[in-house]
Amino acid sequence: VQAIWISFAPVQTDMVRLYGVSEQWVNFMSLSFMIAYVPLTFPASYAMDVSGCRVALFIGNGLNLVGAALRCVIPLGGSSSITLLTVGQILSACAQPFFTNMPPKLAMVWFPCHQRALADTVASLSMTVGVAIGFLLPTSFGIQN
């Protein structure tokens, strides 16, 4: 999720040129994650508490899968690809709370008391690795004309 969140930032100029949108639109794609997180953190946490980690992760994975697939639509020159890209980004943003709220729950459910702090720390730090990957992958692959 973190790699999807930040992946447009390093290729902003290419996105503006390729899709014919403003820099603010590209910035909004990242900002959509912060906007979606606030209202969706409560249903995601509720799903984790009531249905369990597995169901909550399936919901998050499903949203993320569909969102990432929609983001892969190649620009066809029309506004439909921009719309699909935006919808895909927003769906992935809706998946974020299912992942970012999960480390404390996993630590509590799967680890004994003396290991919970370490388990939560390792799981939370893995999100930072996702951000790093999100910065590296778009620039390493580049946007092909």
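**Exercise 1. Determine how α4 and α6 are oriented relative to each other.**

Solution. The model is predicted; local features need pLDDT of at least 70 and side-chain atom pairs count only at pLDDT 80 or more, while totals for chains, interfaces and linings use all residues. Residues are numbered from 1 along each chain as its sequence is written, and side-chain values use heavy atoms, with hydrogens and water left out.

Step 1. Helices (H or I, at least four residues) and strands (E, at least two) are DSSP runs numbered from the N terminus. Helix α4 covers residues 53–71, and helix α6 covers residues 102–110.

Step 2. The two pack at an angle of about 155 degrees, and their axes are 11 Å apart. Axes are lines fitted to C-alpha atoms, for helices over the stretch in contact, and angles run from 0 to 180 degrees between N-to-C directions.

Step 3. Angles under 35 degrees count as roughly parallel, over 145 as roughly antiparallel, 65 to 115 as roughly perpendicular and the rest as oblique. α4 and α6 are therefore roughly antiparallel to each other.

Step 4. The crossing of α4 and α6 is left-handed; this term applies if the near helix is turned anticlockwise from the far one by less than a right angle, and right-handed applies if clockwise.

**Exercise 2. Which residues make the contact between α4 and α6, and how do they divide by class?**

Solution. Step 1. Contact means heavy atoms within 4.5 Å. From α4 come Cys-53, Ala-56 and Leu-57, and from α6 come Met-102, Lys-105, Leu-106 and Val-109.

Step 1. Ala, Val, Leu, Ile, Met, Phe, Trp, Tyr, Cys and Pro count as nonpolar, Asp, Glu, Lys and Arg as charged, and the others, Gly among them, as polar.

**Exercise 3. Describe the packing of α2 and α3.**

Solution. Step 1. These helices pack at an angle of about 120 degrees, with 9 Å between their axes. Their crossing is right-handed.

Step 1. On the α2 side, Gln-12, Met-15 and Val-16 meet Glu-23, Trp-25, Val-26 and Asn-27 of α3. By class, this contact has 4 nonpolar, 2 polar and 1 charged residues.

**Exercise 4. How many salt bridges are there, and where do their partners lie?**

Solution. Step 1. A salt bridge is a side-chain nitrogen of Lys or Arg within 4 Å of a carboxyl oxygen of Asp or Glu. The count is 2 salt bridges.

Step 1. Arg-17 pairs with Asp-14, and the closest N and O atoms are 3.2 Å apart. Both partners lie in helix α2 (residues 12–19), 3 residues apart, about one turn of the helix.

Step 2. Asp-49 pairs with Lys-105, the closest N and O atoms being 3.3 Å apart. This pair links distant parts of the chain, Asp-49 in helix α3 (residues 23–51) and Lys-105 in helix α6, 56 residues apart.
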